[in-house]
Amino acid sequence: MLMNQTKATPDEIESILKFKEKLSIDVIEDCEEKQLVTILEEDLPDPKAVDLCEFHFSDFPITEHGLIKCGLRLFFEINVVEKFKVPVEVLTRWMYTVRKGYRSVTYHNWRHGFNVGQTMFTLLMTGRLKKYYTDLEAFAMLAAAFCHDIDHRGTNNLYQMKSTSPLAKLHGSSILERHHLEYSKTLLQDESLNIFQNLNKRQFETVIHLFEVAIIATDLALYFKKRTMFQKIVDACEKMETEEEAIKYITIDPTKKEIIMAMMMTACDLSAITKPWEVQSQVALLVASEFWEQGDLERTVLQQQPIPMMDRNKKDELPKLQVGFIDFVCTFVYKEFSRFHQEVTPMLNGLQNNRMEWKSLADEYDAKVKVMEEEVKKQEEGNMTEKGAYDERVVDKQLKRYSKDGERVSNSTNELPKHLTS
Ligand SMILES: [Zn+2]
């Protein structure tokens with residue numbers, strides 16, 4: 001029933017695939033598939049104009065409706081529409097319905113879903129990882145990437161468990177990821193949404209299997225287990241003489257292909273951390289805001305003290321947390337991918353630049369805290385006279401703002417640049 005409510009309506013489909021307006025035909029069944037492909041492709045954005053094939057792509061200048069068109073463009077770019085006989089009406093309805101399946105939460109919304117799809121496309125094409133995969137596999141990987149966080153509630157797996165949400169009762173592990181997967185598979189059970197409807201049984205089963213592996217792989221808890229396996233593949237390929245040798249070594253073994261694909265999903269899911277600083281700094285604040293909202297729920301609903309990452313009273317620690325996240329989680333992913341395929345190096349460069357930016361903000365904050373602590377010490381030692389004309393009220397005000405227990409009097413966040421706090 002819920003699925004029927006989110007399914008794209010005829011008017012919504014017409015807003016993308018304008019057969020009434022452009023062909024003056026009232027019923028879509030009366031249109032020829034060729035005509036529909038032509039009018040759809042005319043209205044889809046030019047990849048070059050919006051940097052669709054670039055790792056530095058930003059969704060900021062594009063509307064959410066525009067991103068549906070960008071998503072459709074990517075399926076044409078990987079040449080799967082004609083090859084696997086995907087009816088464009090079904091493709092449009094599916095893409096629009098995936099968009100509607102995302103809730104308007106602060107971070108895990110359609111924009112995030114789209115970005116993961118766009119990065120998967122860019123890794124395959126610009127990053128040249130497509131050479132290990134068939135067209136069918138690339139088709140499944142792109143579709144799975146778009147769906148990977150569908151119907152996300154803006155709270156994490158631990159919150160589902162602690163709040164004993166219905167989803168936690170349904171799934172024992174990787175709770176949300178299993179839900180995103182089930183939701184995606186349910187969409188495909190409706191033939192009017194099934195973009196894989198013209199595949200044979202074996203092909204369809206391959207697609208479903210890849211959806212399972214790819215979407216479950218986005219559970220970060222599983223990332224640490226798979227990263228050594230990925231490193232071994234990269235090590236082995238580095239020693240090889242020719243590209244053909246590496247392709248053979250990987251394509252002959254379905255397990256290796258799945259490990260690489262799983263790591264690609266992680267690289268896509270975390271890709272905001274590799275974007276130009278103007279983008280990363282703003283997206284990081286969205287991620288943090290969603291965490292702080294969860295922290296608020298933990299306090300009010302669960303009556304628990306949130307961890308520092310989810311505690312809005314500790315928002316000044318964001319730069320330090322970002323540096324830690326880059327060092328302990330992200331660096332490995334983009335270093336290994338750049339070693340595997342030098343075409344992926346722009347992601348590593350972006351990451352390292354953002355680390356520098358976050359580190360300098362973290363250092364700036366530490367320096368301020370240090371100064372404040374020294375002032376406290378001096379005050380306690382009764383050395384106020386030595387400081388001459390220092391305004392005591394200023395020190396007092398600052399101390400309240402930076403007090404370590406997070407009981408901040410003012411909610412100004414002078415420690416972060418303006419665009420981060422607006
Ligand atoms: Zn995600």
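1. In this predicted model, the largest pocket has a volume of about 1100 Å³. Its lining is made up of 44 residues, and those closest to the centre of the pocket are H108, L220, F291, M309 and F325.

2. As to which elements build this lining, two or more residues each come from α9 (157–162), α11 (175–189), α13 (220–238), α16 (277–300) and α17 (318–340). The most is given by α16, which places 9 residues in the lining of the largest pocket. Sorted by class, the lining of the largest pocket holds 23 nonpolar, 14 polar and 7 charged residues.

3. One of the lining elements, α11, also packs against helix α12 (residues 201–216), where the two axes come within 9 Å and cross at roughly 155°. An angle over 145 degrees counts as roughly antiparallel, and α11 and α12 are therefore described as roughly antiparallel to each other. The crossing of this pair, α11 and α12, is right-handed.

4. On the α11 side, the contact with α12 is made by E177, R178, H180, L181, S184, K185 and L188, while α12 brings I208, F211, E212, I215 and I216. By class, the residues of the contact of α11 with α12 comprise 6 nonpolar, 2 polar and 4 charged.

5. Helix α12 has a further partner in helix α8 (residues 135–147), and α8 and α12 pack at an angle of about 45° with their axes 9 Å apart. The two helices, α8 and α12, are therefore oblique to each other, and their crossing is right-handed. From α8, the residues L136, E137, A140, A143, A144 and C147 take part in the contact, and from α12 the residues Q203, T206, V207, L210, F211, A214 and I215. The residues of this contact of α8 with α12 divide into 10 nonpolar, 2 polar and 1 charged.

6. Which residues of α15 and α17 meet? In α15 they are I260, M263, M264, T266 and A267, and in α17 they are F332, V333, Y334, F337 and F340. The residues of the contact of α15 with α17 are divided into 9 nonpolar, 1 polar and no charged, whereas the contact of α11 with α12 has 4 charged residues.

Notes:
Residues numbered from 1 in each chain as written. Predicted model: local features only at pLDDT ≥ 70, side-chain atom pairs only at ≥ 80, totals over all residues. Heavy atoms only, no water. 1 Å grid on protein atoms, 1.4 Å probe; cavity = no way out; pocket = protein on both sides within 12 Å on 5 of 7 lines; lining within 4 Å. Points joined across faces, edges and corners; volume = space filled by probe spheres on them. Helix = DSSP H or I, 4+ residues; strand = E, 2+ residues; numbered from the N terminus. Nonpolar A, V, L, I, M, F, W, Y, C, P; charged D, E, K, R; others polar. Axes fitted to C-alpha atoms, helices over the stretch in contact; angles between N-to-C directions. Parallel < 35°, antiparallel > 145°, perpendicular 65-115°, else oblique. Left-handed = near helix turned anticlockwise from the far one by under 90°. Contact = heavy atoms within 4.5 Å.
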